[in-house]
Amino acid sequence: MNSNKIIKKEDVILDTPPDRETLIKMDYDSLKTHTLKLNVSRETIDNIKDVDKEKIFMVNECLRLQPPFPRLVNPVIISVKHDLETMKKEITGKYVKHIRRKDEKYSHSEITTESYFVRLQQKDIDCENKKKLLKNIDDEVSNLNLEDYKEKEAIIKFSCNNGKSSGEKKRRATSLQKRLLSEGYQRHRITNHEISVY
């Protein structure tokens, strides 16, 4: 049973490739041009000496390569929200479903925005924690007076004087250097070794 919550739904009629009737009504040159655009070999078409058979072949090839039906559209994820308290993840996405009539021809398409919940995995929690960490670092850096941190030694000191892991120290250095660069200050080369031995 589908437990997705439908947030929004709309019916639309999408463009479709020409059907058999439309292809048959095309004049020879238009049909040939359309067929060649679908990468059908010109040599294969020209080798058919009977014009009627040639036209039938082109119509069938067009319908085989490009049926008169909209292309399948993969779902698109719009947003992902983590709830660490309930250990669930809410995923919101956009879906397109093509509807056929009783005669199997295309009728219309349903475009829905839907959300559903899945259980959080450890990688989701790690990713969320990393995002929070990077935001906290960027927030801290945005409040710094850059004049006090334009020298290499000051950057390393800011990065390392926090008792955190070497990975976090490197991220702090990177965030500060990005802000310094954006404000026109000089970039310094700081290696992992320099951070680890500080």
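In helix α7, the buried residues (under 20% relative accessible area, with over 50% counted as exposed and the range in between as partly exposed, for a 1.4 Å probe and protein chains only) are Glu168, Lys169, Arg172, Ala173, Ser175, Leu176, Gln177 and Leu180. The model is predicted, so that local features need pLDDT of at least 70 and side-chain atom pairs count only at pLDDT 80 or more, while totals for chains, interfaces and linings use all residues. Residues are numbered from 1 along each chain as its sequence is written, and side-chain values use heavy atoms, leaving out hydrogens and water. Helices (H or I, at least four residues) and strands (E, at least two) are DSSP runs numbered from the N terminus.

Helix α7 spans residues 166-182, 17 residues in total, and reaches 24 Å from its first C-alpha to its last. This is close to the 24 Å expected at 1.5 Å a residue, where the expected span is 1.5 Å times one less than the number of residues. The cover over the buried residues of α7 includes α5 (122-142), α6 (152-160) and α8 (192-196), contact being defined as heavy atoms within 4.5 Å. Gly184, with a positive phi near 90 degrees, follows α7.

The packing of α6 against α7 has an angle of about 135 degrees, with the axes 8 Å apart. Axes are lines fitted to C-alpha atoms, for helices over the stretch in contact, and angles run from 0 to 180 degrees between N-to-C directions. α6 is therefore oblique to α7; angles under 35 degrees count as roughly parallel, over 145 as roughly antiparallel, 65 to 115 as roughly perpendicular and the rest as oblique. The crossing of α6 with α7 is right-handed, that is, the near helix is turned clockwise from the far one by less than a right angle, anticlockwise being left-handed. From α6, Ile155, Phe158, Ser159 and Cys160 meet Lys169, Arg172, Ala173, Leu176, Gln177 and Leu180 of α7. This contact comprises 6 nonpolar, 2 polar and 2 charged residues, with Ala, Val, Leu, Ile, Met, Phe, Trp, Tyr, Cys and Pro taken as nonpolar, Asp, Glu, Lys and Arg as charged, and the others, Gly among them, as polar.

Leu144 is located in the loop between α5 and α6 and is buried at 15% relative accessibility. Beyond residues up to four places away in sequence, Leu144 touches Tyr149, Phe158, Leu176 and Arg179. Leu144 and Leu176 are separated by 32 residues in sequence and by 9.0 Å in space, C-alpha to C-alpha.

Helix α5 has 21 residues and reaches 30 Å between its first and last C-alpha, close to the 30 Å expected. Its buried residues are Asp124, Ile125, Glu128, Ile137 and Val141, and their cover includes β2 (76-83), β3 (88-100), β4 (106-119), α6 and α7. Asp124 has a relative accessible area of 9%. With residues up to four places away in sequence not counted, Asp124 touches His82, Lys89 and Arg119.

The axes of α2 (residues 28-37) and α4 (residues 51-65) come within 10 Å and cross at roughly 40 degrees. These two helices, α2 and α4, are therefore oblique to each other, and their crossing is left-handed. Tyr28, Leu31, Lys32, His34 and Thr35 of α2 form the contact with Val51, Glu54, Lys55, Met58, Val59 and Cys62 of α4. The residues of this contact divide into 6 nonpolar, 2 polar and 3 charged.
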